Amino acid sequence: MVMLQNGKTILRCIIQKKDFLCGIKRPLHHFRFPKDSTYINGKWISAKDGSIFPVSNPADGETLAFVPDCSTVDLDEAINGAHDAFKEWKNTTAKERSYILRKMFNLHMENVGDLAHIITAEVGKPLQESVSEINYGASFLEWFSEEVRRIYGDIVPSPFKNKQMFFIRQPVGVAGIITPWNFPNAMITRKVGAALAAGCTCIIKPAEDTPLSALAFADIADKAGVPPGVINVVTSSRKNTPSIGKKLCESHKVATISFTGSTEVGKMLLMNSASTVKKVSLELGGNAPFIVFNSANVKQAVSGLMASKFRNSGQTCVCTNRILVQDKIHDSFVSELSKAMKNQLIVGNGFDTGVTLGPLINQHAVEKVEGHVKNAIENGANLVIGGKRHSRGGTYFEPTLLTQVTKDMLPFCEETFGPVAAIMKFSTEEEAIEIANSSKSGLAGYFYSEEVAQIVRVAKAIEVGMVGVNEGIISTSEAAFGGIKESGIGREGSRYGIDEYVEMKYICLGGLN
Ligand code: ADP
């Protein structure tokens, strides 16, 4: 098991200590990852040079564990293992892969509590949200255990009597999978579920803040009977990460890169992948507009906003960022929203009962949120609630409500990734659409209206990959998740998610006279 400095196992530490805090008692899942080890080629191994780095709990800064700080030497081992394993894995039947994915789903469901504890410990999100993440993450394994049976090809009507034509869909090969810290389980299952279904093997590079969820995932894969080399986890510190990313992009043995994270890093990976003409899928930053029209049901809009703005303390790429409220209902919306924020947002340690808003992931995140609020106030925004670091200290930030925000202020120009609701008043539909579409990002967008014609018009006009109409939570394994413009390339989940991991091959069978 992963050992803490004081010799206790990570799981025992998280569960015993936090069980005491939140009053949950459950038997330990036997995650057996040895000290300072990661999972490469079916074995738990240390970095070749023995380097490790700490993982800490953002709620109190406590060190949870140390994990290997892999270098490109360790990555080479993972690449070779995944490349060799692909030779057999690609020839497994869809039914065999379905069975393994279903087993991984079942193991997630049997261990929801323990896996959720790991998430809350390394991300800080409230335990109930971590439980939701595991249910959501597991749903991709279930979904792809079913979709794998439907990776069909085509038989094409031939224009020649002596030739028959087929298209078949084949796995691309080794997938390099780079994931963020905000959904440390679900961002892995959404990618790996599709990759395994397609018949690809994977190298997962989890975020340096949250490698423990990735190691728990590897342990589950191992127990579910995933063959050695099919899933590998390369943990690395921020220092070693750029060289790992570069090598994944430039290796001829890696066929595709799937990345979720910042636009800046996504662009770099896209450039680095050009040298090998690699398939690349990117889920990058958003700057989601949330438009409330005069006809909207204000209560519903407030409730949708609370969910889409404050989930994971505002740290999701589909979180609302720019709130646009039409003039006639602006004041009543602001008043209802401030009531909801005061009543529903309880700041604290994610393990504590009743907490709905945890800490931010790290100091860098706090500085960014603080900078956005400061910039808005200095430029004339009105502060209604919050506005500063929380008195709990650490990485906690007060839930904040700003009005009279304008489109040149930072909370509108950039993704804030924190618990800040920034509101701008508008007058006409055209104006709202123009502002919503003025961003380089185009991931998710939301709007509330009760007018049918307006709903159809705005849903078509808004430049995003996903639209929530009178709905603030749109993610599910059945949905095609992805963005347009600088928010990314490709789709995850849904029946289209597998397309990122397959190539179409055209077969022409001649000589049929
Ligand atoms: P954030 O700023 O939210 O941490 P990042 O895009 O930096 O977002 O991180 C998302 C993922 O990308 C993490 O796994 C991180 O380690 C990884 N990452 C960061 N920089 C690079 C890089 N140069 N090459 C490859 N991966 C990177």
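This is a predicted model: local features need pLDDT of at least 70, side-chain atom pairs count only at pLDDT 80 or more; totals for chains, interfaces and linings use all residues.
Residues are numbered from 1 along each chain as its sequence is written, and side-chain values use heavy atoms, with hydrogens and water left out.

Back to the strands. E18, residues 444-448, runs parallel to E19, and four bridges join them. Strands here, like helices, are DSSP runs numbered from the N terminus (E, at least two residues, for strands; H or I, at least four, for helices). Two strands pair if DSSP finds at least two bridges between them.

The sheet is open and has seven strands, in the order E14-E15-E16-E13-E12-E18-E19, with mixed pairing. Which strands stand at the edges? They are E14 (382-385) and E19 (466-469); each has a single partner strand, so one side of each has no neighbour in the sheet. From one strand to the next, the twist averages 20 degrees.

Helix H11, residues 327-344, packs on this sheet and touches E12, E13, E14, E15 and E16. The direction of H11 makes about 135 degrees with that of E13. Axes are lines fitted to C-alpha atoms, for helices over the stretch in contact, and angles run from 0 to 180 degrees between N-to-C directions.

Next, the cores. A nonpolar core is a set of buried Ala, Val, Leu, Ile, Met, Phe, Trp, Tyr and Cys residues joined through side-chain atoms within 4.5 Å. Buried means under 20% relative accessible area, exposed over 50%, and partly exposed in between, with a 1.4 Å probe and protein chains only. The largest core has 94 residues, and Met104, Val192, Leu196, Ile231 and Ile291 touch the most other members. Helix H6 (186-198) gives the most to this core, nine residues. At least three residues come from each of domain 1 (69-284 + 491-500) and domain 2 (288-476); the bounds come from an automatic or database domain assignment.

Beyond its neighbours within four places in sequence, Ile291 is in contact with residues including Leu324, Phe426, Tyr446 and Ile462. Contact means heavy atoms within 4.5 Å.
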